[in-house]
Amino acid sequence: MLEIKNLRVKIEDKEILKGLNLTVRPGEVHAIMGPNGSGKSTLSNVLAGREEYEVTDGEIWFEGRNLLEMEPEERAREGIFLAFQYPVEIPGVSNLQFLRTALNNIRKHHGEGEIDAGTFLKEAREKIKVVNLDPSFLKRGVNEGFSGGEKKRNEILQMLMLEPKLALLDETDSGLDIDALQMVANGVNALRSPERSVVMVTHYQRLLNYIVPDHVHVLADGRIIKSGGRELALELEEKGYGWLLSEQPTGA
Amino acid sequence: MTEQTFETRSIEAARSQPQFQAETLRWLQPLREQSLEQLAELGFPTRKTEIWRYTSIYPLTQGDFLRPAPAQDTGSDFAIPGLDSYCLVFQNGVLDVQRSQLDGLPFEVVPFSQASGEQQEFIRQHLGTLVGSQDHPFALLNTGWLQEGLLIRIAKEQRLDKPIQVVFDHSEASNSYTAQPRLLVQVEHHGEAVLIEQHLAQPGNTEIFTNTVTEVFMAEGAKLTHYQLNLEPENVLHVGNVQVSLAAHAQYESHQFSLAGKLKRRDLEVDLNQSGANARLFAIYLGRNSQHVDYRTVLNHRAAHCTSEELVKGVLRDEARAVFNGRIHIYPDAQQTLAEMNNRNLLLSKNAEVNTKPELEIYADDVKCAHGATVGQIDKESLFYLRSRGIDSAEAYRILSDAFVYEVLDQMPQPEILAYVSRWVEEFHDRVVLEESL
């Protein structure tokens, strides 16, 4: 589904990713962990198509297509979804209007007609229950005046509505209390299927108690320095990142 | 041979237009002469006139406007779908009796040319008294030129069941012309009404100059919601002036919607003369291509315990230019004033331009005043957020710009009018392109 080869990325002349490799197959859940500044968010932003990041080398293939040649909206229509670390507030655009426009854009891309307003509303009301937000949030401006946890849950609601093939969660667990974390996990688990994949970027092991990954990778200084199963996350929880970093060869 | 100035030409044209000598308007003659004399003295604004600094009347001086329109029997469709109203129609500055409802109205409407007795007296005592100041040469021209005017009066404690819709329509003609209509509105004690000024024109190539003046007198506890929909196409050069006087606890609410043009200038001045008066001003202007629009508002807080609130927003695309000049003047007696003014502008192109100047002048010490002005672009983070959900950039632009505009339009109490102006917003946002340079 997703194949990243030797990815090198710069932002404002500073190299953040320094030859990253990652393969995600359909149905898999990957967790990417690492200390602050290791390049975790850069990876998810590059995958979503944020323009400030300059890819200097390497390739990204998504379902056999060159992702780096695709506009952000095209990536979304092909099935990539980024749950933002800091979701934007857009006053004046209702959640419903936003979701419906997004969904219809995606449907159009796949040669489908616009979704019927009644069906759409029904679906939205169903799915907002999963993340335990009040239905009144559908009528409010996108993220307008939402708390941090509500914003994250709203991201998951969007994900449930748009049903992506590949969901990227960028530190979706940060700043969440246990209840909200549970809601987010419910949403992600509801989406899991043999065709869908998830890449979670996180600093903490905590989220992985709720969304159990198939693979765990440690990202440090722009490269994946260790990969393993679920047990790697537990080991990191216990020992921190220090032991891994000191195993790394130093200097160029 | 010396070339005549625009003032001289205008004044001569005003005196020679047929309505100037009309028997039915003879009783206005002294006021008209006086206005033209004042105009001769004052002159039209130049770039050195502070309140006209960013708007040139050059297009006006270059055109051949100084004649009344030929008679016309066709007009634009002015219906506001779903809205039932009392309709009064000015076609090319002249009252269109056929299309206006003048009889059987629950309120008083009198064309100046048919006013008699007490009505004449009222008009004489009030006409031009709110626009007599030095700032309004075009209002002086309107008084001098005046083809027809309407006196509209809402009686004491009367609540109108339907809005009054005054249409200022303009026909295409083979030559340029000018329209100089006039409204004089009185809302008596605790009367309530909705007044819609709707400026339209049939699309065409002939340039038209419309110069309108509306004066509104509101007695104690009176309420007026006043729409000013300035929807003429680009070939209409529009100078419009609204002057409002508020007595105690009167509530005036204005909703302006303007498409820019070759020359579009709107002045709105409100005097809060007695305690407890309240004014709320909302406005949107939209400019595209090389269009221009100039908004000026003045709020004169002359008494204590008055409040004013103002939100003016503009969106400019292409090379359009907008000017906003908002002024709040708090007089020494106006203690306990609450006044807030905001002007926000959204530029959709790097070549669009805004000159905004909010001004506060405060001579009372116990007041709460705030003002703000911003000029910005579409927020890149919001744009990316929408795109990351599959929405293409043009549509994302439109959605974000819509959100900006509707913050103001949603304040309109009449949903039919909101829906009516929406079509121009939609058209405005059509084919907005993402500029890489932003």
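A:Asn132 is partly exposed because 13 other C-beta atoms lie within 10 Å (a residue is buried with 20 or more other C-beta atoms within 10 Å of its own, exposed with 12 or fewer, and partly exposed in between; C-beta atoms are placed from the backbone). This is a predicted model, in which local features need pLDDT of at least 70 and side-chain atom pairs count only at pLDDT 80 or more, while totals for chains, interfaces and linings use all residues. Residues are numbered from 1 along each chain as its sequence is written, and chains are lettered from A and ligands numbered from 1 in the order in which they are written. Helices (H or I, at least four residues) and strands (E, at least two) are DSSP runs, numbered from the N terminus.

**Residues with positive phi**

- A:Asn132 sits in the loop between H4 and strand E8 (141–142) of chain A, and its phi is positive, about 55°, although it is not a glycine.
- B:Asp318 is another non-glycine residue with a positive phi, here about 50°.
- The loop that holds B:Asp318 runs between strand E16 (307–316) and strand E17 (321–330) of chain B.
- B:Asp318 is partly exposed, because 15 other C-beta atoms lie within 10 Å.
- A:Gly49, which follows H1(A), has a positive phi near 100°.

- Helix H1 (residues 40–48) of chain A is mostly covered, with eight of its nine residues buried.
- The buried residues of H1(A) are A:Lys40, A:Thr42, A:Leu43, A:Ser44, A:Asn45, A:Val46, A:Leu47 and A:Ala48.
- A:Ile128 belongs to helix H4 (residues 117–130) of chain A, and it counts as buried because it has 22 C-beta neighbours inside 10 Å.
- Leaving out residues up to four places away in sequence, A:Ile128 touches A:Leu133, A:Pro135, A:Phe137, A:Leu138 and A:Leu157 (two residues are in contact if their C-beta atoms, placed from the backbone, lie within 7 Å).
- From A:Ile128 to A:Gly37 there are 91 residues in sequence and 33 Å in space, C-alpha to C-alpha.

- Helix H1 (residues 6–16) and helix H5 (residues 137–145) of chain B pack at an angle of about 25°, and their axes are 9 Å apart (axes are lines fitted to C-alpha atoms, for helices over the stretch in contact, and angles run from 0 to 180 degrees between N-to-C directions).
- H1(B) is therefore roughly parallel to H5(B) (angles under 35 degrees count as roughly parallel, over 145 as roughly antiparallel, 65 to 115 as roughly perpendicular and the rest as oblique).
- H1(B) brings B:Ser10, B:Ile11 and B:Ala14 to this contact, and H5(B) brings B:Leu141, B:Gly144 and B:Trp145.
- By class, the residues of the contact of H1(B) with H5(B) are four nonpolar, two polar and no charged (Ala, Val, Leu, Ile, Met, Phe, Trp, Tyr, Cys and Pro count as nonpolar, Asp, Glu, Lys and Arg as charged, and the others, Gly among them, as polar).
- B:Gln17 lies in the loop between H1 and H2 of chain B, and it is buried because 20 other C-beta atoms lie within 10 Å.
- Not counting residues up to four places away in sequence, B:Gln17 touches B:Pro68 and B:Trp145.
- B:Pro30 is part of helix H2 (residues 29–42) of chain B, and it counts as exposed because it has 10 C-beta neighbours inside 10 Å.

**Chain B: helix H8**

- The 15 residues of helix H8 (residues 415–429) of chain B should span 21 Å at 1.5 Å a residue, and the end C-alpha atoms are 21 Å apart, which agrees (the expected span is 1.5 Å times one less than the number of residues).
- H8(B) has a kink of about 25° centred on B:Ser422 (the bend at a residue is the angle between axes fitted to the seven residues ending there and the seven starting there).
- The buried residues of H8(B) are B:Ile417, B:Tyr420, B:Val421, B:Val425, B:Phe428 and B:His429.
- These buried residues of H8(B) pack against several elements of chain B, including strand E8 (192–199), strand E14 (278–287) and helix H7 (393–409).

**Where the two chains touch**

- The contact takes 19 residues from chain A and 17 residues from chain B.
- On the side of chain B that touches chain A, helix H6 (380–387) and H7 each supply at least two residues.
- H7(B) gives the most to that side, with seven residues.
- The residues of the side of chain B that touches chain A are seven nonpolar, four polar and six charged.
- In H6(B) the buried residues are B:Leu383, B:Phe384, B:Tyr385, B:Leu386 and B:Arg387, and they pack against helix H2 (72–78) of chain A together with H7 of chain B.
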